[in-house]
Amino acid sequence: MPEPPWTHSFGLESLLKSWSQSGRMRDWLAASSRLESRAATTLPLPEWIHPALRRSLSNRGVTELYSHQRQAIDAAHAGHNVVVATPTASGKSLCFHLPVLQALLDDPGHSALFLYPTKALSRDQEHGLHELLADAELPIPVTVYDGDTPGDARRAARDRGRIILTNPDMLHSGILPNHARWASLFQGLKYVVLDELHTYRGVFGSHMAHVLMRMKRAALFHGSMPTFLCATATIGNPLQHAARLLGVGERDIKLIDESGAPQAQRDLFIINPPVINAELGIRQSTLKTAVSIASDLIHARIPSIVFGPSRNSVEVMLKYLRERAGSVAGPDAIMGYRGGYLPERRRAVEQGLRDGAILCVVATNALELGIDIGDLDAVVLAGYPGSSAATWQRFGRAGRRGKKSAAILVCSSNTIDQYLAQNANYLLQSGAEEARIDPNNVEILIQHLKCATFEAPFDLTSAGTRVAQPDSARGENYGGLDAQSTRDALQYLEGHGLVHSNNGKFYWTGEPFPASHVSLRNIGWDNFVIIDVGTDQTIGELDWRAAHTMLHEQAIYQQDAEQYQVERLDYDNHKAYVRKVEPDYFTTALTYRTVSVIEPVHDGVVGLARTGYGEVKVLEKVTGYKKIKFFTHENAGYGDVHLPEIQMHTQSFWLTLPEDLIESLPMTRAASIAGLRGLGQALEAVSTLFLMCDPRDINRTLGDGSSGDSAPGRDPFSGRIGGFDPTLFLFDAVAGGIGLSIRIFECIDRLLQDARRLIAGCQCRTGCPACVGPSEELFDLRKSALIVLDALSDSH
């Protein structure tokens, strides 16, 4: 007998059964897979573990260690640098907690420094350490040192701290410039713990490598040489990445990448929303589809997390979810979590997740890292997060207690998402992406050399001159520079009046605290504060770059599913004044970007076109905003924005179609530019997959070349009047570059072939987001892109 229609079934198994019988889900489902459970591989605790630590572990039900934990603990205890690269929720914290606490018990003079990429993560780990020490009845002080630490606690940390938990920014600007005041920490520094190693990539990672160089130099100044214990989610090059960050050889690090932790069963679903405009290849809204699935989870009382691609998308989905399921769970059981929320609000959400008071959280990647958020059973991704590693990191947020979980990826209309919808094995079988940094980036290196000289003078008394220096010469070197190159760099600073040399020693003479002028994360030091004029209360803060798109005047700023209109932006003082409103729309910013070549480095030819690689200047400006209706997502109007432009120097690949080639193509100039634009989208997609990088690491821009120089290898925008050389730029999306665009230049022949296969193999008629972008009214975009590719194939 069938159940009455008003009957509700709860739990994951019941919902999965319901989905399997649902016509809607069958229509949406692009692929599914089941990852079977796996039993744990365990080893006994080492004999040398202190009885108090054994008792604490026993109180938690831990009588054995996973095999990777035991291997890491043994290696650390033996004095080896260690990097543990195992999946999320595999118990990596114990890999460094146990050897650190044992060392501090063995020698009261020892100390340890724990580094986490975010304040929230350091606070979360502080809680775990305190619990472990409380169970062991050990009075070892553990202190978080960050921007929220009160003054008296900071003094206690400097004077008596034995375990300090901090973040790279505080180490860089707060601890290292004042290392003499931290002598008690540095004199006995036994271990440095570097968690979430995979987050230190790109420019941030390049900066971090220099911060660690300076930290090792400060430790050596105080007479210590710490051992590094690193932990990372699965990435493609954990050993190489750790070696570059730490500035050591790969042989000096012990890699542990075989997990002994159990794995619960996980059902994976790839959802492809239905096409709603066949001519343009547009699919149903990713956000709405994700909300529909999350609503099912909430109705079934399944603790879950929904990841959105942006802060705005998180707020939109939060509003929609409360509308659909708030009456079932209550609005306080459905919460948002993103950068910009005040610290106390974020911590309240974290605690609510651990306590089980929150049934569903909608978050950005701020919750991707290893913060303990309790027992979740399902993860929904609204769009591919940009990398395989990030996808599995987010999927790993559910099933952390050994229970079966569901992982759902809702694809968007864009190229990479649609590739995954058609090729699910790429996600299931491809390796994780590599993490890349460039510590030798001159701009970054010289900034940190200034900081290092301020922190302690350089002694190059035995470095000698370049001509006379023998191979055996000794002299202090900085980072990857040899002694002579270090001398040259310091003399460069001396020539600018920042350093003074005396008998081979170099002393800082510039303004004090140069670290205060160096931002590790490539954003302005001061966030924009958001003030509600109705209550005169600060309700949030945003970083400098996000303020341009989210806090311009007349923008609808969203927080906790409520809307505020920006009445005034005090740009100089970094304050945005907002008022609570109830609009039927939200806003998205419209940006305009230009790229100009500063210095060509390499040039080449592909078919009848020119290619190049070099240094470029990127100018980006928010020019306006668009009003989008809630729920229907209709365009409700536009507005202007008047803000300063954002400037960045980086590295770029470019592809130029000379004017004579454009004239020879069997289509109009406008169609030729449209074809190059479509090729650019396909080329960006295949480059991302080939380089195994995050799509956000590469940006593209098309210049019309109306003032371009037609000479091969020259700046396509050098100022010549009358030329028409449309140029496609694919550039590294971070200042200084991270080595992606040079690889595009080197592999352009293969990438063009991959782009042709993508475009020719697409099932659309004239263009869609899965290949060259939505077709335009005047052009067959797909055909135009293939014609351009034919021209690039000539002479090949």
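What do the buried residues of H25 pack against? They pack against strands E27 (585–606), E28 (609–629) and E30 (646–656), plus helices H21 (659–664), H22 (669–691) and H24 (748–760). Keep in mind that this is a predicted model, where local features need pLDDT of at least 70, side-chain atom pairs count only at pLDDT 80 or more, and totals for chains, interfaces and linings use all residues. Residues are numbered from 1 along each chain as its sequence is written, and side-chain values use heavy atoms, with hydrogens and water left out.

**Helix H25**

- Helices (H or I, at least four residues) and strands (E, at least two) are DSSP runs, numbered from the N terminus.
- H25 covers residues 781–793, and its end C-alpha atoms are 18 Å apart, which agrees with the 18 Å that 13 residues should span at 1.5 Å a residue. The expected span is 1.5 Å times one less than the number of residues.
- Ten of the 13 residues of H25 are buried. Buried means under 20% relative accessible area, exposed over 50%, and partly exposed in between (1.4 Å probe, protein chains only).
- Among the buried residues are Leu781, Arg782, Ser784 and Leu792.

- Strands count as paired if DSSP finds at least two bridges between them.
- E7 pairs in the parallel sense with E5 (residues 111–115) over four bridges, and leucine 113 has isoleucine 164 as its bridge partner.
- E7 also pairs in the parallel sense with E6 (residues 142–144), over three bridges; here valine 142 stands opposite isoleucine 163.
- E6, helix H7 (residues 151–160) and E7 make up a right-handed β-α-β unit. Right-handed means that, with the strands pointing away from the viewer, the path from the first strand over the helix to the second runs clockwise.

**Nonpolar cores**

- A nonpolar core is a set of buried Ala, Val, Leu, Ile, Met, Phe, Trp, Tyr and Cys residues joined through side-chain atoms within 4.5 Å.
- The largest one has 73 residues, and Val100, Phe114, Ile163, Ile305 and Leu367 have the most contacts inside it.
- Helix H5 (residues 92–106) gives the most to this core, with eight residues.
- A second, separate core of 49 residues includes Leu655, Leu679, Val686 and Cys762.
- Isoleucine 163 is in contact (heavy atoms within 4.5 Å) with residues including Val100, Leu104, Phe114 and Val142, leaving aside neighbours within four places in sequence.

**The seven-stranded sheet**

- This open sheet runs in the order E1-E11-E18-E17-E14-E16-E15, with mixed pairing.
- E1 (29–35) and E15 (334–337) stand at the edges with a single partner strand each, so one side of each is left without a neighbour in the sheet.
- E14 (residues 304–307) and E16 (residues 360–363) run parallel and are joined by four bridges, with isoleucine 305 opposite valine 361.
- Helix H13 (residues 311–329) packs on the sheet, touching E14, E15, E16 and E17 (378–382), and its direction makes about 175° with that of E15. Axes are lines fitted to C-alpha atoms, for helices over the stretch in contact, and angles run from 0 to 180 degrees between N-to-C directions.

**Arginine 24**

- Arginine 24 is found in helix H2 (residues 23–28) and is partly exposed, at a relative accessible area of 30%.
- Not counting residues up to four places away in sequence, arginine 24 touches Trp19, Ser292 and Asp296.
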